[in-house]
Amino acid sequence: MTAPSYPPKPAPSYPPKPVPGDRIAVISPSSGLPGLLPLPHELGLERLREEFGLEPVEYPATRRMGSTPRERADDIHAAFADPTVRAVIASIGGEDQITVLPLLDRELIRGNPKPFFGYSDNTNLHAFLWNTGIVSYHGGVVMVEFGRPGAMAPLSADSLRAALFTSGEYELKPAPRWCDVGRDWADPATFESEPETRPGSGWSWVNADRVVEGRSWGGCLEIVSWLLMADREIPRDLGVYDGGVLFLETSEDMPSGAEVFFILRNMGERGLLQRFPALLMGRPKTWSFERPTSPEEGARYAAEQRESVLRALKIYVPDTMVVFDVDLGHTDPQVVIPYGGVVRVDGPARRITVTY
C-alpha cells in the first residue's frame, strides 16, 4: 500500500453549502446504532426535514450493526460521489472508524468535496478530510444534536444552521445552561421533555494576552491518540500545523486525568503541541451510564482533567493560550467547529470566532 499523499500545507477549501430542499447523506461510518435505537434517529431525521428543510438519504450500513469497514467505506464513497447529495452527516460515533480509513479513495473524495458533520469517532474522517484539503465540521450528529429529546438546544441549532447553510464568520458564545446527563433512548418517555440543565459558568482563559488566528485541528482526544498510535492521518512533517488552533475534548468514556496527561505528554514528545499557539479545550463529559456521577463528583473530574491539561502544557508549551469549557464535542448544547477552517481566538477581547 502506498503512503497517502498529503498536500504540503493546503489553504482551507470550504465545500459548497446545501440549501433548503437539498438532499443530504446520513451515514454511519462507525456504529450502526440507529438500527438498535431508532427513536432518536427518527426524530433527528424528522427535524432535518421539518426544521432545516433538508431531505436525508440513508445508505445501506446506516442502520446495520456489525457492518464491515468496506461496507462503511462504500457508503462514504457513494455519499460523496452522488452529485445530488450536498452534505454528509454521521448518525452517531463509535469506536472503530480507524479501520475504515485505509479503504477510502482520497482522490474520489477530493474530487467531490462536501460538508461533513460529525464528532467523537468521526474525528478519524475529519483528520482524513483535513489532509485531503477539505474543511469539515466537528459537531452535529443525527442521533444526538438533531435527535435531542424535547427540542434541539437553541445554541446547537443556531450553530448547526450557520455551519450548514452560511459562509463567513460566526462568533461562538458560552452556553447559558448546559447538561451532560443522559436518558434511556429505548424509552419513548425520554423524548417527551428536554434534558435537565444547570447554569453555565462561562469559559476560562489562560495566557489570554494575544490574538491567534489559524486553521483548526484536533477533535476527540482519545481518537487523536489512536491516530498517533496507528500512524494514520498525521503527517511526518508537523509544520503543516504551524500557527493553527488546536481543539480537543473527551468522550463519555471519561478518561482519567492521568490518561489525559499521558496523551498530551506524548503529543508534546512528538512535537505536536508545539505547533499550536492556542488550544480550545471542550467542556468535559462528566457523566455516563457506566459512571453515573453526582454533580460534585463530576466537578471533581472536570477539575482533575483541567489540572492534567495545564500540567502537560506547562512542561511543553507554557505560553500557549488556552480556553477551557468551550461548548464543543460531547456536551449539550454544542457549537460546531470548522475542522481545518479558520478560527480566531482573541484573548484580550475574550472572543472566539470561527469561519464556516
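Over the ring of which residue does the charged end of R283 sit? In this predicted model, the charged end of R283 lies over the ring of W178, 4.5 Å from its centre; a charge sits over a ring if NZ of Lys or CZ of Arg is within 6 Å of the ring centre and within 35 degrees of the ring normal. The charged end of R311 sits over the ring of F261, 3.7 Å from its centre.

Residues are numbered from 1 along each chain as its sequence is written, and side-chain values use heavy atoms, with hydrogens and water left out. The model is predicted, so local features need pLDDT of at least 70 and side-chain atom pairs count only at pLDDT 80 or more, while totals for chains, interfaces and linings use all residues.

The count of salt bridges (a side-chain nitrogen of Lys or Arg within 4 Å of a carboxyl oxygen of Asp or Glu) comes to 21. One of them joins D242 and R275, at 3.0 Å from N to O. D242 lies in the loop between α7 (221-230) and β11 (245-249) and R275 in the loop between α8 (257-270) and β12 (278-282), so the pair ties together parts 33 residues apart in sequence. Helices (H or I, at least four residues) and strands (E, at least two) are DSSP runs, numbered from the N terminus.

E51 forms a salt bridge with R47, with the closest N and O atoms 3.6 Å apart. R47 is buried at 6% relative accessibility, whereas E51 is partly exposed at 42% (buried means under 20% relative accessible area, exposed over 50%, partly exposed in between; 1.4 Å probe, protein chains only). A network of salt bridges links E42, E58 and R63.
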